[in-house]
Amino acid sequence: MDGFGFSKQLRLNTPKDYQRVFNDVQLKSGEKAFLCLAKANDLAYPRLGLIAPKKHLKLAVDRNRVKRIVRDSFRLNQHDLVGLDIVVLVRSKYLKELSSQRQLALLEGHWSRLISKFSQRELEFKG
RNA sequence: AGAGUCGGCUAGGCAAUCGCCCUUGAAUUUUUUUCAAGGGAGGAAAGUCCGGGCUCCAUAGGGCAGAGUGCCAGGUAACCCCUGGGGGGCGUGAGCCUACGGAAAGUGCAGCAGAAAAUACACCGCCUAAGGCUUGCAAGGUCUUCCUUUUAUAGGGGGGAUCCAGCAAGAACGGUAAGGUUGAAAUGGUGCGGUAAGAGCGCACCGCGCGAGUGGUAACACGUCGUGGCAUGGUAAACCCCGCUUGGAGCAAGACCAAAUAGAGACCUAAUAGUGCGGCCCGCAUUGGGUCUGGGUAGGUUGCUUGAGGCAUGCAGCGAUGCAUGCCCUAGAUGAAUGAUUGUCUUCGACAGAACCCGGCUUAUCGGCCGACUCUGCUC
């Protein structure tokens, strides 16, 4: 796993996968635009799930755009996120007003916060 | 040059890096993984408003109801679509708009204004001819009275009454609908005659209805002829009537794989019956159907892209379109693929993301390009 690919392996594919994360949220990071939920997965790679409700983003074009940006950011940072199942929820239409650069910056912040929380938790768990 | 009308095309390009989906080929032991090549959203993909294909319900059949549709001809798989034509309306014009069958089968509806809104009425106005009314007049008639002439009949003269006849004036409980006022709409228009005043009351012209004729496949047009003084106010995206069309459900359709609407038990119910069948009846098929208990799956494959397909040329047609030949294969995802970052093009954008597939309609839309045409102005 050294490339920056984003194959099917790296996605949450079934309702079951999503339920697993929702039923036991271990890590959380969020603000106005995004909410990231995560749970350890005991795998050698991270997995990503996306929820962009029609309620917040009415147009299919907007929903697709956000998903692409999140996926791309996840793809480029996947090596730091090993061992996590992450579900990203799009929270509001406020997102629409943000530039793609701003969105990417927000996501970077979420990733690093998740990583630090995750490593802290691992330490506690071991200790 | 300015203003405008109609039609068509386009919908960022290029480079680098990191990625996604599909197909093909190669490597790998098949799975998997890797590499290479190729392809990868729209003109509206949208709204889901029509019409089809396809699938299942019966092989989708008859009638009623319901729904849709509505000038004519053509095109098409089909249509509420398209093309051409006709009628009506708008515009100087190119052009644009038009649910455009029936109102003498019936029912209903019409605020405000106005005299009056569908029945003919009569507010203002105009008129006083006929018939009647009121008032006046008194030369006729009639009645009455007085005077006078005469023996008398009768004659002459004066007064009064009456309203029989007459004359004049007035109006309406009469005539009229020309003129006025309202309105989207008021029972043909103009002129002449006519009349008490008026009126299709009569005539001329125009308009209208009906019939014939001519042209046109037809809708319809023409106005040559005849005929009717004119009859049927509007509204049918009000009910309705008439003609035509129309079975229902949808790719979560449906099919396959695995034990898979399975298999098991209990109770209830039924042959003029139940179910398929989801408006109702007929008809057709079938012999079951309903409730409950307990048990189990809710995964994968397919349908899924070669099609009423595109492009080019030729022929037929005013055109929509059809036919012929050649070439091409051009997204098939399914927690859902086209992106991100950077640079550059002086500027880079709008509306917006395929989900079974087509043909339309409607709505959204930044900018650019091309063609045809119209009007106005200037120059020659």
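This is a predicted model: local features need pLDDT of at least 70, side-chain atom pairs count only at pLDDT 80 or more; totals for chains, interfaces and linings use all residues.
**Exercise 1.** Find how far apart Ala105 and Ser73 are in sequence and in space.

*Solution.* Step 1: along the sequence, 32 residues separate Ala105 and Ser73. Step 2: in space, the C-alpha to C-alpha distance is 9.2 Å.

**Exercise 2.** Describe the span of helix H2 and work out how its buried residues are arranged around the axis.

*Solution.* Step 1: H2 runs over residues 60-76, 17 residues in total. From first C-alpha to last, H2 reaches 24 Å, close to the 24 Å expected at 1.5 Å a residue. Step 2: the buried residues of H2 are Val66, Val70, Ser73 and Phe74. Step 3: viewed down the axis of H2, these buried residues fall within an arc of 105 degrees, so they line one face of the helix. Step 4: an α-helix has 3.6 residues a turn, so residues three or four places apart point the same way. Step 5: on the face of H2 turned away from the buried side are the exposed residues Ala60, Val61, Asn64 and Arg68.

**Exercise 3.** Determine how strands S1 and S2 pair and what joins S1 to S2.

*Solution.* Step 1: S1 spans residues 27-30 and S2 spans residues 34-40. Step 2: S1 and S2 pair in the antiparallel sense, over 4 bridges. Step 3: Gly30 has Leu35 in S2 as its bridge partner.

Terms used
Residues are numbered from 1 along each chain as its sequence is written. Chains are lettered from A and ligands numbered from 1 in the order in which they are written. Helices (H or I, at least four residues) and strands (E, at least two) are DSSP runs, numbered from the N terminus. The expected span of a helix is 1.5 Å times one less than its number of residues. A residue is buried if 20 or more other C-beta atoms lie within 10 Å of its own, exposed if 12 or fewer, and partly exposed in between; C-beta atoms are placed from the backbone. The arc is that of the directions from the helix axis to the C-beta atoms. Two strands pair if DSSP finds at least two bridges between them.
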